[in-house]
Amino acid sequence: MRNVERYQSQLRNCHQEQGEDLWVLGSRIRRLMHWAYPELSGNVYEGETRHVFIRSIADHKLRRKVAELEVENFDELVRRGNRLEQVNIYLGSLLADEVD
């Protein structure tokens, strides 16, 4: 039982690390959810996993965009969120090039 509590604590304190893309964050959250709540399944599991993922995104503007996505499941949320993140990175680099 101690391991379950440890994983639940890690989920409560989960956040996107500097340089960690949303694909990696999503994989980490999925793994922690599996270990922290092995009894969950279906819609409850999907809903909680989505909630933790969105809450863990570091960039508040990106977090809002991901939260507004209408998706079928967690995998699609991660995939589309990662795509939004990559577009933001690309656009940010274009703007930085213009300033230089």
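Reader: At what angle do helix 1 and helix 2 pack, and how far apart are their axes?

Author: Two packed helices are described by the angle between their axes and by the distance between those axes. In this predicted model, helix 1 and helix 2 pack at about 145°, and their axes lie 8 Å apart. The crossing of helix 1 with helix 2 is left-handed.

Reader: Which residues make the contact of helix 1 with helix 2?

Author: Helix 1 contributes Val4, Tyr7, Gln8, Gln10 and Leu11, while helix 2 contributes Ile29, Leu32, Met33, Trp35 and Ala36. By class, the contact of helix 1 with helix 2 has 8 nonpolar residues, 2 polar and no charged.

Reader: How is the packing of helix 2 and helix 3 described?

Author: Helix 2, residues 22-36, and helix 3, residues 42-56, pack at an angle of about 135° with axes 10 Å apart. Helix 2 is therefore oblique to helix 3. Their crossing is right-handed.

Reader: Which residues of helix 2 and helix 3 meet?

Author: On the side of helix 2 they are Leu22, Leu25, Gly26, Ile29, Arg30, Met33 and His34; on the side of helix 3 they are Tyr45, Glu48, Thr49, Val52, Phe53 and Ser56. The contact of helix 2 with helix 3 divides into 7 nonpolar, 4 polar and 2 charged residues.

Reader: Which residues have the most contacts inside the largest nonpolar core?

Author: In soluble globular proteins, nonpolar side chains tend to be buried together. Here the largest nonpolar core has 21 residues, and Ile29, Phe53, Val66 and Leu77 have the most contacts inside it. Two or more residues of this core come from each of helix 1 (2-12), helix 2, helix 3, helix 4 (60-68) and helix 5 (74-99). Helix 2 gives the most, with 6 residues.

Reader: Which residues does Phe53 touch?

Author: Leaving aside residues up to four places away in sequence, Phe53 touches Leu22, Leu25, Gly26, Ile29, Val66, Phe74, Leu77 and Val78.

Reader: How many helices and strands does the protein have, and what pattern do they follow?

Author: The protein has 5 helices and 0 strands, and the pattern along the sequence is α-α-α-α-α. Its C-alpha atoms fill a box of roughly 55 × 25 × 15 Å along the principal axes. Of its 100 residues, 31% count as buried. Among contacts with a separation of 6 or more, 52% join residues 24 or more positions apart.

Methods
Residues are numbered from 1 along each chain as its sequence is written. This is a predicted model: local features need pLDDT of at least 70, side-chain atom pairs count only at pLDDT 80 or more; totals for chains, interfaces and linings use all residues. Side-chain values use heavy atoms; hydrogens and water are left out. Axes are lines fitted to C-alpha atoms, for helices over the stretch in contact, and angles run from 0 to 180 degrees between N-to-C directions. Helices (H or I, at least four residues) and strands (E, at least two) are DSSP runs, numbered from the N terminus. Angles under 35 degrees count as roughly parallel, over 145 as roughly antiparallel, 65 to 115 as roughly perpendicular and the rest as oblique. A crossing is left-handed if the near helix is turned anticlockwise from the far one by less than a right angle, and right-handed if clockwise. Contact means heavy atoms within 4.5 Å. Ala, Val, Leu, Ile, Met, Phe, Trp, Tyr, Cys and Pro count as nonpolar, Asp, Glu, Lys and Arg as charged, and the others, Gly among them, as polar. A nonpolar core is a set of buried Ala, Val, Leu, Ile, Met, Phe, Trp, Tyr and Cys residues joined through side-chain atoms within 4.5 Å. Buried means under 20% relative accessible area, exposed over 50%, partly exposed in between (1.4 Å probe, protein chains only).
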